[in-house]
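Please walk through this protein chain with its sequence and model side by side.

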Amino acid sequence: MTDKKNQTNQFTYLTQEQVSELLSVHPTTLINWHKSGLLPKYQLGRRVYYKPNDIENAMTKVQYLSAR
């Protein structure tokens with residue numbers, strides 16, 4: 001039997017606006033992170049979405065790089 005909570009989170013995406021508010025960064029920062037390969041984005045038309053797991057992985061990398 002699979003856990004319904006895990007199935008729901010698997011398909012949850014956040015908008016660029018939500019992520020920039022959550023991380024307290026400007027949307028341009030998210031664009032720069034994507035261009036540098038740090039944060040994958042998913043696009044549907046003009047809307048940009050991010051997966052929570054990708055955000056968490058990117059934050060781990062950002063913390064590592066800033067600690068150097």
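Tyr42 counts as partly exposed, because its relative accessibility is 30%. Partly exposed sits between two cut-offs: buried means under 20% relative accessible area and exposed means over 50% (1.4 Å probe, protein chains only). This is a predicted model: local features need pLDDT of at least 70, side-chain atom pairs count only at pLDDT 80 or more, and totals for chains, interfaces and linings use all residues. Residues are numbered from 1 along each chain as its sequence is written, and side-chain values use heavy atoms, with hydrogens and water left out.

**The aromatic pair**

Rings of Phe, Tyr and Trp (its six-membered ring) pair if their centres lie within 6.5 Å; planes under 30 degrees apart count as stacked, over 60 as edge-to-face and the rest as tilted. By this rule the count is one aromatic pair. The ring centres of Tyr13 and Tyr42 are 5.8 Å apart and the planes stand at 75°, so this pair is edge-to-face. Tyr13 lies in the loop between helix 1 (4–10) and strand 1, and Tyr42 lies in strand 2 (residues 42–44), so the pair ties together parts 29 residues apart in sequence. Helices (H or I, at least four residues) and strands (E, at least two) are DSSP runs, numbered from the N terminus.

**The salt bridge**

Side chains of opposite charge can pair when their charged atoms come close. A salt bridge is a side-chain nitrogen of Lys or Arg within 4 Å of a carboxyl oxygen of Asp or Glu. How many salt bridges does a search of the whole structure find? The search finds one. Arg47 and Glu17 form this bridge through their side chains, at 3.7 Å, N to O. Arg47 lies in strand 3 (residues 47–50) and Glu17 in helix 2, so the pair ties together parts 30 residues apart in sequence.

**Accessibility of selected residues**

| Residue | Relative accessibility | Class |
|---|---|---|
| Tyr13 | 36% | partly exposed |
| Thr15 | 12% | buried |
| Glu17 | 44% | partly exposed |
| Leu23 | 22% | partly exposed |
| Arg47 | 40% | partly exposed |

**Thr15 and its contacts**

Thr15 belongs to strand 1 (residues 14–15). Contact means heavy atoms within 4.5 Å. Neighbours within four places in sequence aside, Thr15 is in contact with Arg47, Val48, Tyr49 and Tyr50.

**Helix 2**

Which residues of helix 2 (residues 16–23) are buried? They are Gln16, Val19 and Ser20. These residues cover an arc of only 100° around the axis, so they lie on the same side of helix 2. The arc is that of the directions from the helix axis to the C-beta atoms. The face turned away from the buried side carries the exposed residues Glu21 and Leu22.

Leu23 is also found in helix 2. Neighbours within four places in sequence aside, Leu23 is in contact with Leu30, Trp33, Ile55 and Met59. Leu23 and Met59 are 36 residues apart in sequence, and their C-alpha atoms are 9.1 Å apart in space. Just after helix 2, Ser24 takes a positive phi of about 55°.

**The whole chain**

The chain has four helices and three strands. Along the sequence, the pattern is α-β-α-α-β-β-α. Of the 68 residues in the chain, 19% are buried. Among contacts between residues at least 6 apart in sequence, 43% join residues at least 24 apart.
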